[in-house]
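Hi,

Here is the structure I promised to pass on.

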Amino acid sequence: MGPGSHHLSLGLLLLLPLLPECLGAEGRLAHKLFRDLFANYTSALRPVADTDQALNVTLEVTLSQIIDMDERNQVLTLYLWIRQEWTDAYLRWDPDTYGGLDAIRIPSSLVWRPDIVLYNKADAQAPASASTNVVLRHDGAVRWDAPAITRSSCRVDVSAFPFDAQRCGLTFGSWTHGGHQLDVRPRGAAASLADFVENVEWRVLGMPARRRVLTYGCCSEPYPDVTFTLLLRRRAAAYVCNLLLPCVLISLLAPLAFHLPADSGEKVSLGVTVLLALTVFQLILAESMPPAESVPLIGKYYMATMTMVTFSTALTILIMNLHYCGPSARPVPAWARALLLGRLARGLCVRERGEPCGQSRPPESSPSPQPPDRGTGPPAGPCHEPRCLCHQEALLRHVATIANAFHSHRAAQRRHEDWKRLARVMDRFFLGIFFSMALVMSLLVLVRAL
């Protein structure tokens, strides 16, 4: 250690006894200032030199966090930082008189405070900002920064749930002072979002401020207020992944029941299974969806999908009846044969095995068996004897019976095949219709998510 450091240490030792004296001087000046200011001060009266003069209060709000959005009770809970600034005409001093002291911090309960409250408050608890200090400057400017947890009423519209946007207003104003006594104005055009903590469910688009001057029925003087409108948009990613996409996939699966072969026996089972799955998802949706007078968008989508699945299952049952028309069924009507088995089958490319697309099997009329002509003689043949076996009537009758039975069986089989072909045409037709409906409904809902 050199001689320079030795002299520095000696100087510090000499200054240490003077340090408490300097600090004590500043503390004594603050105490003296406090006693002088509040010797004849009262916090019960409005601090203006002229009672006819309005006191200007500047209001600034900083949004810190969205605590809760209760759609069921329509209550919004926020954590705010509220700053109020005004000028107190009775709390002024000359800084030179008090050693250059230009500001002090004192409990807010000692000074007059504007009775600015949240008009649309939805909570009966006292505000948490009553115990904070105020910053008092030498020119009488008072700044009161206080955190507050506010519960305000908010009209929630969930008609577009889960792609809805909400507008919640927070209206601040004096409860007893009119515009001629207290004038409140916002600082800036919007609330500050610099310290906002992002919410997992809501995205904040802004919080603009607007000053209004209203006249109420109870009083003749106007009452100014400041309304901060919180613009919110719901984050729909969780609802899309957990509720919407499964419903979309199930709704696209339901029309495929028309593509199942009728002999598989699973056509109706698939429709009923899809309907049960949609019912389960609708129960889950009803638990997470806020109640409202209007049906939300996702609720309408679920109802439309369940209606479509119900109709498709009913049509599948009717088509199964057409498919299983037995040999005893009557022939396909002529208009159905021409329109459905002809034009519609070619347009939907419903064909038999080995038949090229666009061509349909020409309708065949079932030949009616004709009894043998007893008046004509036996066919010419090598047998000319009167007792030949081929000339016997009994044998010809049996042959005619066999031929008639064969022709009847062929006609019944052909009618059965026509009904099965008609069922396939109807399956292909309703497959295109219901799949298009499911795809269009799903796209209309998913477009709202983009």
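Let's start with Cys154: at 4% relative accessibility it counts as buried (buried is under 20% relative accessible area, exposed over 50%, partly exposed in between, with a 1.4 Å probe and protein chains only). Cys168 is buried too, at 1%.

Before you go further: this is a predicted model, where local features need pLDDT of at least 70, side-chain atom pairs count only at pLDDT 80 or more, and totals for chains, interfaces and linings use all residues. Residues are numbered from 1 along each chain as its sequence is written, and side-chain values use heavy atoms, with hydrogens and water left out.

Those two cysteines are bonded to each other: a disulfide links Cys154 and Cys168, S to S 1.9 Å (the cut-off is a pair of cysteine sulfur atoms within 2.5 Å). Cys154 sits in the loop between β6 (141-153) and β7 (165-174) while Cys168 is in strand β7, so the bond ties together parts 14 residues apart in sequence. The link is left-handed, with -70° about the S-S bond. Searching the whole structure turns up one disulfide.

As for other cysteines, Cys247 is buried at 0% relative accessibility, whereas Cys241 is partly exposed at 49%.

Of its 450 residues, 36% are buried.

Cheers

Terms used. Helices (H or I, at least four residues) and strands (E, at least two) are DSSP runs, numbered from the N terminus.
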